[in-house]
Amino acid sequence: MRRALIIVGGLVLAAPVAARAESGGFFKNMFGGGEGGSSSVTAPRAQDPDDVYCPPVFVPDGGAAIQAFAGAAGDKTRLRHQIVFARLSRECKARPDGSVAVRVGVELRALLGPAGAAGRFEAPVTIAVKYNEQPVMARTHRVAVSVPAGAAQGEATVIENDLSVPADKAMGYDIEVTLAGAARAKPAARRRKPAPAVAAEQSEAPADP
């Protein structure tokens, strides 16, 4: 199935933690006011920037969550943490030349598992516009989510303000948001002891014939 998680509003039960998407409402202040893009399928008209095709955000297969385990993956009792989408939002504005400016807001949530501990975790978030399955424009953000001591979860937000859809693709494009890769905790820096000089010399010596 091409679209594993289609975000149209309300709760989405396919994700480990439900994500809710809104057309600009949740990120109203971050987007600078206004109600955001319309979901109308009417062709964009330059004289009315709100009358524009603005598809719901969707998350593809395998892109809804990333997990880190203390050992083999899949054992929930060894789960350290997982990062999921909490809320998604988008706005679409028609430009005078017929192209469309797209802005996407993403709220991430980090949840500690049974083997987890407070810390700062990173997750790569890719926000893309596609047309006929081909990428038109994409940006990847490395987002840090902190879970403070004594808490079980933390949140972080990223806003992508600079996606553009050409006029010839302004109808029928897709907005895709994906979590990819492995979440990584940033451990405290440790000093590494230099290897003894003798050991280094031995490692560089040629083997006896």
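**Figure 1. The disulfide of the predicted model.** In this predicted model, the count of disulfides comes to one. The link joins cysteine 54 to cysteine 92, with a distance of 2.0 Å from S to S. A disulfide is a covalent bond between the sulfur atoms of two cysteines. The angle about the S-S bond is 65 degrees, and the link of cysteine 54 and cysteine 92 is right-handed. Cysteine 54 is found in the loop between β2 (20–22) and β3 (57–59), whereas cysteine 92 belongs to strand β5 (residues 79–94); the pair therefore ties together parts that are 38 residues apart in sequence.

Figure 2. Are cysteine 54 and cysteine 92 buried or exposed? Cysteine 54 counts as buried because its relative accessibility is 1%, and under 20% is the cut-off for that term. Cysteine 92 also counts as buried, at 0% relative accessibility.

**Figure 3. Strand β10 and its two faces.** Strand β10 covers residues 174–179, and six of its six residues are buried, so the strand is largely enclosed by the rest of the structure. In a regular strand the side chains alternate between the two faces of the sheet. On one side of β10 lie Asp174, Glu176 and Thr178, and on the other lie Ile175, Val177 and Leu179; all of these residues are buried, and both faces are covered.

**Figure 4. The strands paired with β10.** Which way do β3 and β10 run, parallel or antiparallel? These two strands run parallel and are joined by two bridges. Phenylalanine 58 has glutamate 176 as its bridge partner in β10. Strand β7 (residues 119–131) is joined to β10 by six bridges, and this pair runs antiparallel. Here valine 125 has leucine 179 as its bridge partner in β10.

Figure 5. Lysine 130 is part of strand β7. With a relative accessible area of 19%, lysine 130 is buried, because the term applies under 20%. Which residues does lysine 130 touch, not counting residues up to four places away in sequence? They are Pro135, Val136, Tyr173, Asp174 and Glu176. The side chains of lysine 130 and glutamate 176 are also joined by a polar contact of 3.3 Å.

Note on methods
Residues are numbered from 1 along each chain as its sequence is written. This is a predicted model: local features need pLDDT of at least 70, side-chain atom pairs count only at pLDDT 80 or more; totals for chains, interfaces and linings use all residues. Side-chain values use heavy atoms; hydrogens and water are left out. A disulfide is a pair of cysteine sulfur atoms within 2.5 Å. Helices (H or I, at least four residues) and strands (E, at least two) are DSSP runs, numbered from the N terminus. Buried means under 20% relative accessible area, exposed over 50%, partly exposed in between (1.4 Å probe, protein chains only). Two strands pair if DSSP finds at least two bridges between them. A polar contact is a pair of N or O atoms within 3.5 Å; within protein, one must be able to donate a hydrogen and the other to accept it, and residues adjacent in sequence count only if both atoms are side-chain atoms. Contact means heavy atoms within 4.5 Å.
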